[in-house]
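Visitor: I'd like a quick walk around this one, please. Can you show it to me first?

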Amino acid sequence: MSGIRLIVGLGNPGEKYSMTRHNAGFWLVDLLAQQSSSRLTAEARLFGIAGKWAPHSDKWLLKPGTFMNASGKSVAAIANYYKITPAGILVVHDELDLPPGQAKLKFGGGHGGHNGLRDIHAALSTPEYWRLRIGIGHPGNKAEVVNFVLKAAGKDEQQAIDDSIIKSTSVTDLLAQGQFEKAMLQLHSK
């Protein structure tokens, strides 16, 4: 299996949402771009902010410029343009079912009610792509979920989320090389 060619961070565009839990995917892509000196720019034809993932010549970083519920439009546009198969895509997103500070890799599966993943499933016509789930915790009540993901985390929670994002970026080179088991082992160990 070849490695990851596209890392997509999910979030909502705009200053209003920049520090909300739902933007955990954006935070990881921003950190990765910073660490690798990759330049991300607005790309109208890709409906998002994208750029080459330095130092790789054939790998990309993307932050969809659509709102979360329409993320698939941007993901499909870049995948089609650069001929990237779903198995070569890693989607980074906030995960209610993991506590802050945890991050988990998985391949395929359902969308778990996550509207960004639901739209990507539809746009790619398959759930067969990689996901990096960044734990944000759960409010404990299903009725509170929308409010919860669109709010900023408390200081300690945010620190735990940031730490898991930093740890996650340490395995991205392994993912680029297709060393998925090694990356999982490293990321999932305490």
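Visitor: Which residue stands opposite Ile7 in β5?

Guide: First, this is a predicted model, where local features need pLDDT of at least 70, side-chain atom pairs count only at pLDDT 80 or more, and totals for chains, interfaces and linings use all residues. Residues are numbered from 1 along each chain as its sequence is written, and side-chain values use heavy atoms, with hydrogens and water left out. β1 and β5 run parallel and are joined by four bridges; strands here are DSSP E runs of at least two residues, helices are H or I runs of at least four, and both are numbered from the N terminus. In β5, the residue opposite Ile7 is Leu90.

Visitor: And on the β7 side, what stands opposite Asp94?

Guide: β5 also pairs with β7, in the parallel sense over six bridges. There, Asp94 faces Ile134.

Visitor: Which residue of β7 is opposite Leu105?

Guide: β6 and β7 pair over five bridges in the antiparallel sense. Opposite Leu105 stands Leu132.

Visitor: How many residues of β5 are buried?

Guide: Buried means under 20% relative accessible area, exposed is over 50% and partly exposed is in between, using a 1.4 Å probe and protein chains only. β5 is mostly covered, and its buried count is seven of seven.

Visitor: Is Thr172 buried or exposed?

Guide: Thr172 sits in helix α6 (residues 172-176). Leaving aside residues up to four places away in sequence, Thr172 touches Ile7, Leu32 and Trp53. Because its relative accessible area is 3%, Thr172 counts as buried.

Visitor: How much space lies in the largest pocket?

Guide: On a 1 Å grid over the protein atoms alone, a pocket is an open set of points where a 1.4 Å probe fits, with protein on both sides within 12 Å along at least five of seven lines; lining residues have an atom within 4 Å of a point. Points are joined across faces, edges and corners, and the volume is the space filled by probe spheres set on them. The largest pocket comes to about 610 Å³.

Visitor: Which residues are closest to the centre of the largest pocket?

Guide: Elements giving two or more residues to its lining are β5 (89-95), α3 (115-124), β7 (130-135) and α4 (145-149). Of the 27 lining residues, the closest to the centre are His22, Leu96, Gly113, His114 and Asn115.

Visitor: Which element gives the most to the lining of the second largest pocket?

Guide: That pocket has a volume of about 160 Å³. β6 (103-107), α5 (155-169) and α7 (180-188) each supply at least two of its lining residues. The biggest contributor, with four residues, is α5.

Note on methods
Two strands pair if DSSP finds at least two bridges between them. Contact means heavy atoms within 4.5 Å.
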